[in-house]
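Subject: Structure handover

Hello,

Please find the structure below. My notes on what was found in it follow.

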Amino acid sequence: MRILLILALIFCLVGCSGHLAYPDDDPPLTQVIFVTSHGWHTGLVLPAQTVFAQIPALAERFPQARLLEIGWGDEGFYQADEITSGLTLQALLWPSPSVMHVVAMWGEPKQVFPQAEQQRLCLSDTALQKLLEFVAGSFALDPMNQPVPLRAGIYGNSQFYRAEGSYHAFNTCNRWTARALTQASIPRPAGLYLRAQSVMDWLESLPAPFHCHAESLK
């Protein structure tokens with residue numbers, strides 16, 4: 001019980017300091033992406049063609065995709081057919097291998113995942129490229145510099161891949177999402193961002209220029 005209380009406190013740690021600056025000096029923010037929250041887990045939704053340019057192997061696996069939802073997480077917990085308290089504690093208390101989860105999408109998140117929370121964001125061309133480089137660097141590669149496929153994903157047309165880095169209580173899927181967005185020059189107050197809601201609250205608080213209103217992704 002004491003361990004569970006400590007973990008609950010850890011997951012409630014959210015930074016509340018820092019300054020969110022408007023991107024006045026940045027190039028135009030014309031590249032549309034999404035961040036989705038499925039409750040405990042967040043993922044990035046990116047234009048498929050831009051991802052394919054960075055990771056060509058995904059074009060072979062998802063040739064018809066318009067968008068790709070990409071997330072990072074614990075190997076055992078993420079791929080489990082049934083989530084148990086033992087799996088949850090193991091994922092949090094001991095560093096463990098990680099995986100990438102890639103999902104082909106035919107439309108925007110509100111169409112594909114109507115129950116999921118989402119944030120639409122706009123980035124500059126340069127910021128999107130930095131984000132793509134971070135995402136590509138999260139995939140573990142085989143000796144031929146190709147992503148390593150694992151089992152089929154957990155919903156839709158999806159696939160797991162071997163990932164770089166270890167998952168633990170202070171390096172969660174949501175912290176990965178926050179780090180990825182920070183690479184894209186999105187200002188982030190100090191904090192661990194271990195919970196999905198902390199990520200979504202941060203994005204909700206961003207200045208207006210980041211909340212683009214383009215009709216749709218091309």
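**The sheet**

Ile33 stands opposite Leu121 in E5. The model is predicted, so to speak of local features a pLDDT of at least 70 is needed, side-chain atom pairs count only at pLDDT 80 or more, and totals for chains, interfaces and linings use all residues. Residues are numbered from 1 along each chain as its sequence is written, and side-chain values use heavy atoms, with hydrogens and water left out.

E1 and E5 run antiparallel and are joined by seven bridges; two strands pair if DSSP finds at least two bridges between them. Strands of a sheet pair through backbone hydrogen bonds, either parallel or antiparallel. Here seven strands make an open sheet with antiparallel pairing, in the order E5-E1-E2-E3-E4-E7-E6. E5 and strand E6 (149-152) are at the edges with a single partner strand each, so one side of each has no neighbour in the sheet. From one strand to the next, the twist averages 30°.

**The helices**

Helix H7 packs on the sheet and touches E1, E2, E3, E4, E5 and E7; contact means heavy atoms within 4.5 Å. The direction of H7 makes about 120° with that of E2. Helix H8 lies across E1, E2, E3, E4, E5 and E7, at about 40° to E2. Angles run from 0 to 180 degrees between N-to-C directions, and axes are lines fitted to C-alpha atoms, for helices over the stretch in contact.

How do H7 and H8 pack? H7 (residues 125-137) and H8 (residues 173-183) meet at an angle of about 145°, with their axes 7 Å apart. Lys130, Leu131, Phe134 and Val135 of H7 make the contact with Trp176, Arg179, Ala180, Leu181 and Gln183 of H8.

Helix H9 (residues 196-204) has as its buried residues Ala196, Ser198, Val199, Met200, Trp202 and Leu203. Buried means under 20% relative accessible area, exposed over 50%, and partly exposed in between (1.4 Å probe, protein chains only). The cover over these residues of H9 includes E1, E2, E5 and H8.

Ser37 is found in strand E1. Ser37 is buried, with a relative accessible area of 6%. Leaving aside neighbours within four places in sequence, Ser37 is in contact with Thr42, Ala116, Glu117, Ala196 and Met200.

Regards

How values were computed: Helix = DSSP H or I, 4+ residues; strand = E, 2+ residues; numbered from the N terminus.
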